[in-house]
Amino acid sequence: MNLSPEASQALEAFEQARGWEQRARLLMQWGDRLEPLGDSDKTETNRVHGCESLVWLVAVQDDGQWRFKAGSDARMLRGLLALLLVRVQGLASDQLAALDLSAWFTQLGLERQLSPSRSNGLHAVLLRMAELATQG
Amino acid sequence: MFQPSPWRTDFPAIAALQRQHQTYLDSAATTQKPQALLDALSHYYGHGAANVHRAQHLPGALATQAFEGTRDKVAAWLNAADARQIVFTHGATSALNLLAYGLEHRFEAGDEIAVSGLEHHANLLPWQQLAHRRNLRLVVLPVTDQGHVDLEQALQLIGPRTRLLAISQLSNVLGTWQPLTPLLAHARAQGALSVVDGAQGVVHGRHDVQQLACDFYVFSSHKLYGPDGVGVLYGRQDALALLRHWQYGGEMVQMADYQSASFRPAPLGFEAGTPPIAGVIGLGATLDYLASLDVHAVAAHEASLHQCLVRGLADREGVRLLGSPEAALASFVIDGVHNADIAHLLTEQGIAVRAGHHCAMPLLRHLGLDGAIRVSLGLYSDSDDLQRFFEALDKGLELLR
């Protein structure tokens, strides 16, 4: 498993987190680090449907490598998106397709956030990402 | 002051949820089930399942007897004059779809259907789509800030072109009782049929369909402490006679040939295929259980807990209630805080409430919101549940702010 320095840092922080409160605080901190999306990124094409919050995923392939940006109006979800992006930034399509993202969130102790229930945005974002990986 | 629910231990799942550190406050979505229902299901499956209305054998006769027994109990629960006015469906949604298809032949292009602005998708989309199919006008009755259909405007909007009025009894988002008596009387005077969505209303208090004088009344078993997969459609006798058959198959038929067939009247004519037998029998057991409770004690308990919920929310800074909830539930948003974030932190603390649009997207949009948190109560809820919810809410807000 080749983790980027940011991903390793996230893993370490979440592994050490004790209890829901600390995890929630960490999630908010990571969410605050997410680069804000410009209005030009918040388009209907970039909108991820199937979430009850507004979520956008901007994906560009640069020299075979995926570059993602993401944003949401919900704070906790921004944290989850930040943790997702540190794991997938710069991957090639085949690497992205082979990556087990559920395992990543499970390692972080956030597996409950993957529930396919309607209210959760992360599940829909992962589906969109899998779609991109197979198209690319 | 601690307000216990004397019926809490009748619902084994509440203790099981508590052992998993879960506080269940989502009863408007679905309810926990009484032991009496679990026993009835176990008895039916444990003593011999059989299909209904078909077989001459003993297990078939017993299953049919229990199944038809529930029809009598539902009729009694709603004070319908005759058990033949009760049709079993697969849920409130399928009952409403049955009506929208079964009544389709009664509409001509340009006719109007009136619905309220606060309908659940289940009592909006079947009519909206019928309007598209038949080129009808869907008239939306405006809702006041308190959360009631604006009576003055509604009485203007329901006119001679209105062929049908479809309206909720108790709003699943706002917890408000709708002014059915004047609305239904006016609709009737205009020659319109009336459909009441009782999915939330039937759970709180007893309702008399003859007194309501609606043409159709619909509810789902699972919100009334019964099994899921079962819905009920009550119809006035003349109104039921207007329905065309919509789903075809076993046991709804009188005579069938390769090229033609004739069909039974209600109720069996609208129960094509094997019905949810165990579920219907289970609903019967639930109704027996509910009928054994002291109606006044239940009403007093629910009213007092609801008051405690509404007051507790109103007391908190930045909390904005949706409408003025009168029963069963309260929905709210918090200034400057996304409802998904609150929902996330409540979930982390084992509080089971509902967040989102509550299957009423047009209403939420009308209120200028894209979601809200809904807390809803059942007869097993107690004041400790609410206290845990409020503590978790305060804790969550403290973290977010």
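I looked up the domain division of chain B first: domain 1 covers 8-25 + 294-400, and domain 2 covers 38-291. I note that the model is predicted. Between the centres of domain 1 and domain 2 of chain B I read 28 Å, taken over C-alpha atoms. For their contact I listed 20 residues from domain 1 of chain B and 20 residues from domain 2 of chain B. On the domain 1 side, the elements giving two or more residues are α11 (295-314), β12 (329-334) and α13 (361-366) of chain B. I sorted the residues of that side by class and got 12 nonpolar, 5 polar and 3 charged.

Next I turned to the other chain. I found 13 residues of chain B in contact with 13 residues of chain A. On the chain B side, α12 (339-348) and β14 (354-356) each supply at least two residues. The largest share, 6 residues, comes from α12(B). The classes on this side are 5 nonpolar, 6 polar and 2 charged.

Then I traced the sheet that holds β14(B). It is open, with 4 strands in the order β11-β12-β15-β14 (chain B), and the pairing is antiparallel. The edge strands are β11 (319-321) and β14 of chain B, each pairing on one side only. I noted an average twist of 30° from one strand to the next. Between β14(B) and β15 (residues 372-376) of chain B I found 3 bridges, with the two strands antiparallel. For B:Arg354 I looked up the bridge partner in β15(B), and it is B:Arg374. Last, I checked α12(B): this helix packs on the sheet, touching β12, β14 and β15 of chain B, and its direction makes about 40° with that of β15(B).

Note on methods:
Residues numbered from 1 in each chain as written. Chains lettered and ligands numbered in written order. Predicted model: local features only at pLDDT ≥ 70, side-chain atom pairs only at ≥ 80, totals over all residues. Domains from an automatic or database assignment. Contact = placed C-beta atoms within 7 Å. Nonpolar A, V, L, I, M, F, W, Y, C, P; charged D, E, K, R; others polar. Pairing = 2+ DSSP bridges. Axes fitted to C-alpha atoms, helices over the stretch in contact; angles between N-to-C directions.
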